[in-house]
Structure formats: C-alpha cells, structure tokens
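Subject: Structure for your attention

Dear colleague,

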Amino acid sequence: MNLSLELIEENIRKLLVDNSDAVELHSLGLSAEGRNINAVYITDKKVPLGEKEVAVIMGLRHGDEAGVVPAVSSLLDWLVSENGTETRRKQLVIVIPVVNPDGFVKQEFGAPRDRISDDESKIMLPLILKSQADMVLDIHSLERGDLEAVITGHTEHLGEDDLIHGLAACRMMEGAAVAGYPYVIHALGVQSLAPWLSTPRPSNYDTPSYNNWVCAPAYEQLHSLVMGMEVNDFYLNEDDCGKSGLAAIIPLLELGNTRSSWEFSSGYPNRIIRGNMLVSLRAAGKSTAVRRESRMEIWQKRDFFTDPIRMLPSQNRIKAKVEYSGEPLSSAFSVCCRIRGNPAISGVSLNGIKTDCYSATDNCSTFVFVDVPPAVAGTYEVSIDF
Ligand SMILES: [Zn+2]
C-alpha cells in the first residue's frame with residue numbers, strides 16, 4: 001500500500017477540485033509535531049444544514065493501521081458519487097482521513113491505549129462537540145489474524161441504546177456480508193469494564209481492548225450514535241480493505257437517511273433518552289436541528305428525569321408519567337407510548353389538559369408522541385385514549 005501522507009492529501013485536493021459543489025476542505029489544526037489535520041466536509045450545499053444529520057467519521061487515530069487508508073478513500077469516492085446522492089442531501093458527513101498524522105508518517109500506533117490523546121482532545125473533541133455529531137464512526141484496521149469487526153458497546157445501557165447500537169452494528173455486519181466480508185460484532189469486553197466511565201481497571205488488566213476513546217465523550221456529552229470498526233490489512237489486500245470498509249459503512253450512513261420504525265422522523269435513531277420501546281422519554285422538535293438540541297439537553301440532564309412509567313388503566317387508555325427535578329429546560333421533550341395495533345386516537349391530555357399528539361406506525365403498533373414544552377421541575381403525566 002502507498003502510505004504517503006502527501007498522496008492522501010493530494011487525493012483529497014483532487015476530490016475537492018472535481019466536486020467543489022459538494023466538498024469542502026477544513027484544516028482543524030496542527031498535530032503535536034506540526035502536521036496539518038484536515039477534515040473533508042461532504043454535503044449537498046443546496047439543502048439547509050438545519051435539516052441534516054451530522055456524521056463524523058475518523059480514520060487513522062492509530063498511525064500504523066494501513067487498511068484504514070483504502071477504507072477511507074473508498075468512502076470519500078462513494079460519498080461524491082451518484083450512489084451517495086441521498087446521503088449528501090440528508091447529511092453533512094465530516095471525514096477526517098488522518099487523525100494522527102504524526103503516527104502515520106512514522107508508521108507507529110502513536111496513541112495512548114488507555115485514554116484519548118492530547119491531539120484528539122485538542123482537535124477531534126472540539127470538532128465533534130461543535131458539529132453536534134449525530135453519529136460518530138472510528139475506523140481501524142487489524143494487522144494480524146483475519147478478524148474484521150464492528151465495535152459496539154459504548155453505551156451506558158440507558159434507554160434503548162444497547163438495542164439501537166446493536167441494530168446499527170447488525171446492519172453494518174449484514175452489509176459487509178452481502179459484499180463477501182465476514183464481520184463479527186465485537187463488544188471487546190467494554191460492556192462490563194466500562195473504561196470510558198472512569199471505572200477503575202483491574203490491576204492485572206495490561207492489555208486494554210477498548211480503544212475508541214473519541215467515541216466516549218461523543219456519547220457521553222451528545223448522545224451520538226457511536227460505532228467503531230476494524231478492517232483487516234493482514235489478510236486482505238488494499239482493494240479488499242477498501243471494499244470491505246465501504247460495504248460496512250454504507251448501511252450505517254443509510255440509517256441516517258431513513259426513518260427507523262420506532263421514530264417519527266428520519267435520521268439516526270438515537271433520540272430515546274430514557275425508558276424503553278413501550279414508554280420512553282425522547283427528544284422533541286420539528287426540525288433536525290431542534291430535535292438535536294433537545295436530544296443533547298435532555299441527555300445531559302438525564303439524571304434529573306425518572307424512567308417513565310406506563311400504566312394501562314383500561315384497554316383503551318394508556319397513561320405515562322415522568323418526573324423532572326432539574327433546572328428549567330430550554331428544549332421541549334416528548335413522552336412516547338407504544339400501543340398495540342393501529343387504533344384511532346380519540347383524545348390526549350398532558351397533566352389533565354387536552355393537548356396534541358403525533359404518531360408513527362410500524363406493522364404491529366403505533367408510537368404516540370406527546371410533546372412537553374420546555375419544562376420546569378415537576379411531574380408530567382400523559383393520558384392517551386384510543
Ligand atoms: Zn486501532
């Protein structure tokens with residue numbers, strides 16, 4: 001493989017020249033050794049940003065993982081191609097091909113194994129927070145064995161995050177399988193160790209297996225959908241690393257283009273903050289940008305909410321209750337109840353006062369959403385008749 005930083009930069013400049021209507025190049029700052037860290041912004045500029053999902057995709061946090069180079073290169077080519085049209089229209093995709101140029105030019109791993117690096121804290125974290133990423137993907141490559149993996153397990157197990165991250169991982173695995181690449185879903189033991197939550201590691205834990213350190217603050221602060229993946233450059237050649245990486249990434253990007261069955265709006269399905277599929281506390285808002293603000297605020301204040309409770313006083317009435325004990329909110333939130341079948345809704349109230357709702361259906365049930373305007377501390381009880 002040609003592992004020259006100059007060649008990668010030249011290819012990006014060519015991408016920019018050939019697709020100036022969709023591509024922008026932004027310098028994020030300099031690495032510790034003074035090398036430029038570039039981000040490629042790809043989107044349909046005719047569609048307002050406030051209507052789009054934001055995806056941040058990182059490559060080469062670990063400098064010696066050669067297979068990442070073709071994986072990122074195929075992704076960039078796909079994003080500007082005809083096949084990437086819908087993704088460009090519905091998302092801003094920010095690709096950082098070389099997060100760690102110092103490690104890359106020396107062909108060294110070049111990053112701490114047990115924490116986020118200084119360059120990542122200084123450069124990647126502000127980018128992710130400023131862009132308010134809805135999805136974050138960290139691409140790696142193994143130089144041993146034949147394993148290719150989707151890495152999940154960055155969640156706090158709140159709401160339905162384990163299910164939703166698992167489902168995204170499944171889609172990636174299935175997409176890769178169709179293209180002929182046998183990925184596994186690899187939680188890397190992080191579920192029990194939760195190293196990103198400052199849980200002390202056991203003293204004999206000298207081979208930490210969790211390494212998606214930038215995903216952790218993205219999830220913790222923004223409730224981004226955070227995924228990692230490994231292509232394999234020991235077993236696969238350059239061409240295959242590119243094809244395999246792309247085959248796994250496309251289904252993840254498509255998740256941001258479509259409506260998941262339990263959501264009212266399309267986009268990455270990470271708006272359930274607490275509760276479960278039957279009753280949940282969710283982000284609210286008419287546009288992507290407003291829903292994103294709501295998601296982040298409700299998530300950051302998640303500990304001030306109780307898990308919503310769902311009651312069924314009769315076969316035609318559902319009640320749901322959630323308590324909030326924090327400072328006044330600036331965003332609305334939504335209480336969502338899932339009802340069997342697709343009955344007509346005859347009335348909805350919030351704390352005894354008639355209110356509006358909206359709903360989404362799948363083939364066995366109806367999700368009814370009741371928005372609570374920016375709230376102060378108190379109890380919020382929703383009643384739905386059908
Ligand atoms: Zn790695």
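In what follows, two strands are said to pair if DSSP finds at least two bridges between them. Please note also that this is a predicted model.

I begin with strand S14, which comprises residues 347–350 and pairs with strand S18, residues 378–385, in the antiparallel sense over four bridges. Within this pairing, Gly 347 stands opposite Asp 385 of S18. S14 is also joined to strand S15 (residues 353–354) by two bridges, again running antiparallel. Here Ser 349 has Lys 354 in S15 as its bridge partner. S14 and S15 form a hairpin with two residues between the strands, and in this hairpin Asn 351 takes a positive phi near 50°.

A further point concerns an open sheet of five strands. Its order is S9-S10-S13-S17-S16, and the pairing is antiparallel. Strand S9 (272–275) and strand S16 (358–361) are the edge strands, as each pairs on one side only. On average, neighbouring strands of this sheet are turned by 30° against each other, direction ignored.

Within this order, strand S10 (residues 279–283) and strand S13 (residues 333–340) pair in the antiparallel sense over five bridges. Val 279 has Cys 337 in S13 as its bridge partner. Helix H10, residues 288–300, lies across S9, S10 and S13 and runs at about 120° to S10.

Yours sincerely

Terms used. Residues are numbered from 1 along each chain as its sequence is written. This is a predicted model: local features need pLDDT of at least 70, side-chain atom pairs count only at pLDDT 80 or more; totals for chains, interfaces and linings use all residues. Axes are lines fitted to C-alpha atoms, for helices over the stretch in contact, and angles run from 0 to 180 degrees between N-to-C directions. Two residues are in contact if their C-beta atoms, placed from the backbone, lie within 7 Å.
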